[in-house]
Amino acid sequence: MRKKLYFRYWLSFIILIVLLLVFIFWNINSGSISISLKDIFQILFHKNGDETAYNIVWEIRLPRILAAVILGGALSVSGFLLQTFFGNPIAGPFVLGISSGAKLIVALTMIYLLGKSMVATSGLMILAAFTGSLISMGFVLLISRKVKQMSMLVVSGIMIGYICSAITDFVVTFADDSNIVNLHNWSLGSFSGTSWDNVSVMAVVVFAALFLTFLMSKPISAYQLGEGYAQNMGVNIKAFRIALILLSSILSACVTAFAGPISFVGIAVPHLIKSLMKTSKPLLVIPGCFLGGAVFCLFCDLIARTAFAPTELSISSVTAVFGAPVVIYIMIRRKRMA
């Protein structure tokens with residue numbers, strides 16, 4: 001029995017890694033200019049080839065692909081942490097309004113800086129998004145103390161998200177600047193326009209947060225069995241819950257700062273990974289969620305770029321199409337089990 005489980009775990013990781021590599025090369029190959037696999041290998045591993053193709057791969061497609069991998073994985077892990085915190089499989093950064101809160105503060109910061117003819121740095125955007133995430137999370141936590149039903153908590157989170165999105169749309173609509181078009185596109189969610197500097201910053205922030213999350217695997221595993229059990233195992237519940245909030249907020253804030261709000265990834269992917277591996281062990285689910293989120297976002301970004309080319313869809317529109325059915329399935333399944 002144990003051998004079968006280990007085989008399933010290894011097989012799951014192999015499947016995820018193979019899919020990741022397939023979608024990385026597929027994304028490099030696809031676009032207004034198609035680049036053959038031979039040319040891709042030549043450009044990536046020998047750093048030579050056609051100059052136009054070389055610039056397209058290294059300056060446009062590769063940073064965007066790495067952003068989708070890093071931010072998709074971050075969003076999925078953030079969703080897993082929130083689901084652990086609230087004990088609800090449909091809790092996620094987008095549904096609870098955390099992404100929308102981050103979007104609001106980032107939009108206000110960007111508009112203020114544009115008005116002063118100043119450029120927003122990556123660090124400042126992450127800080128603004130983190131502040132917005134914590135504010136939204138604070139409202140959700142206040143509501144959770146008054147409302148005991150998880151369904152009502154989720155509805156409250158959605159309402160917070162709508163309020164933040166409405167304020168953001170109002171501010172963006174009436175802002176007077178030529179760069180506001182880029183801000184509007186960002187507010188819909190997109191990996192486009194990512195630079196290597198952006199990739200380096202998001203990689204440092206996300207992987208640092210992931211490392212800390214991975215170190216918390218044992219406390220998370222104990223917490224999944226109940227607060228009482230976790231306390232008996234020596235877990236400081238108050239400190240643990242604060243750590244979960246901070247880590248999930250940092251991960252979702254980094255995503256919002258660079259790509260805008262992205263829907264359903266944080267809910268759908270952790271559930272799919274648990275179903276694939278047939279386990280909820282954090283030691284396996286955390287890296288699984290990162291790989292799953294990366295694959296999911298690469299797949300959705302590929303569709304966003306190519307389905308109606310040259311028109312590009314917002315990434316949230318595509319993730320909603322594939323993520324929403326998973327959420328509906330989760331809700332129906334919970335209803336049957338109740």
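**Helix α13 and its two partners**

Guide: Helices α3 and α13 are oblique to each other. This is a predicted model, in which local features need pLDDT of at least 70 and side-chain atom pairs count only at pLDDT 80 or more, while totals for chains, interfaces and linings use all residues. Residues are numbered from 1 along each chain as its sequence is written, and side-chain values use heavy atoms, without hydrogens and water.

Helix α3 covers residues 51-86, and its axis lies 7 Å from that of α13, at an angle of about 135 degrees. Helices (H or I, at least four residues) are DSSP runs numbered from the N terminus. Axes are lines fitted to C-alpha atoms over the stretch in contact, with angles from 0 to 180 degrees between N-to-C directions. Angles under 35 degrees count as roughly parallel, over 145 as roughly antiparallel, 65 to 115 as roughly perpendicular, and the rest as oblique. The crossing of α3 and α13 is right-handed (the near helix is turned clockwise from the far one by less than a right angle). In contact (heavy atoms within 4.5 Å) are residues including R64, A68 and F80 of α3 and I286, F290 and R305 of α13. The contact residues divide into 15 nonpolar, four polar and three charged (Ala, Val, Leu, Ile, Met, Phe, Trp, Tyr, Cys and Pro are nonpolar; Asp, Glu, Lys and Arg charged; the others, Gly among them, polar).

Helix α8 (residues 196-215) also approaches α13 (residues 282-306): their axes come within 10 Å and cross at roughly 160 degrees. That makes α8 roughly antiparallel to α13. The crossing of α8 and α13 is right-handed. V206, F207, L210, T213 and F214 of α8 make this contact with L283, I286, P287 and F290 of α13. Eight of these residues are nonpolar, one is polar and none is charged.

Key
Helix = DSSP H or I, 4+ residues; strand = E, 2+ residues; numbered from the N terminus.
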